[in-house]
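User: Please examine the model shown here and answer some questions about its architecture.

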Amino acid sequence: RTKLESESQKLKNVLLSSVSHDLRTPLASITGAASSALMLRDQLPEAAVELLGSIHGQAARLAKLVTNLLDATSLESGNVRLNKQTYFIQEVIGSAITRVQDSKGGRLLLADVEADLPLVHIDGLLIEQVLVNLLDNAIRFTDENGRISISARSLPNAVTISVQDDGIGFVAG
């Protein structure tokens, strides 16, 4: 039974990975085409520009979901190999903030990072992606004029990072 469950999980992961990979190319084409068409915005009616912006945004969002699905599949299958290196956590946080700048809209995004943080030994790309996911969620659930903050503090044997927003929070139920 255990072997059957294991094989079933492997099959599920292969299927998810395959579907995700198959979705990437058309999504990249849609995003690229919408982006190219948006370059002609001065020659297009306002309604067309709005539709193209929506197509571009939703295709980019779906591409991000597919990437997250691929990453989750890799994590579950044990195929992820950590690439730990020494980083200034300030740089990882700054990179994550840069990646969400275009999607934050009118929200105020503040960084409150302690000045003398120690170097950290982490997989910088994975931690950056975690921070991007947290910031994306905060953006999604915070009002257009809301406030999002990311902070980092040093503890005796660790560095803590938190992302907070003034959104509605979790709904009870």
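User: In which helix is the place of Leu23?

Analyst: This is a predicted model in which local features need pLDDT of at least 70, side-chain atom pairs count only at pLDDT 80 or more, and totals for chains, interfaces and linings use all residues. Residues are numbered from 1 along each chain as its sequence is written, and side-chain values use heavy atoms, with hydrogens and water left out. Helices are DSSP runs of H or I with at least four residues, and strands are E runs of at least two, numbered from the N terminus. Leu23 belongs to residues 2-38, that is, helix 1.

User: Is Leu23 buried or exposed, or in between?

Analyst: Buried means under 20% relative accessible area and exposed over 50%, with partly exposed in between (1.4 Å probe, protein chains only). Because its relative accessible area is 38%, Leu23 is partly exposed.

User: In what order do the three strands form the open sheet?

Analyst: Two strands pair if DSSP finds at least two bridges between them. The pairing in this sheet is mixed, and the strand order is 2-4-5. Its edge strands, each pairing on one side only, are strand 2 (108-113) and strand 5 (158-165). The order asked for is 2-4-5.

User: How many bridges join strand 4 to strand 5?

Analyst: Strand 4 covers residues 147-155 and runs antiparallel to strand 5. Across this pair, Leu155 stands opposite Ala158. The number of bridges is eight.
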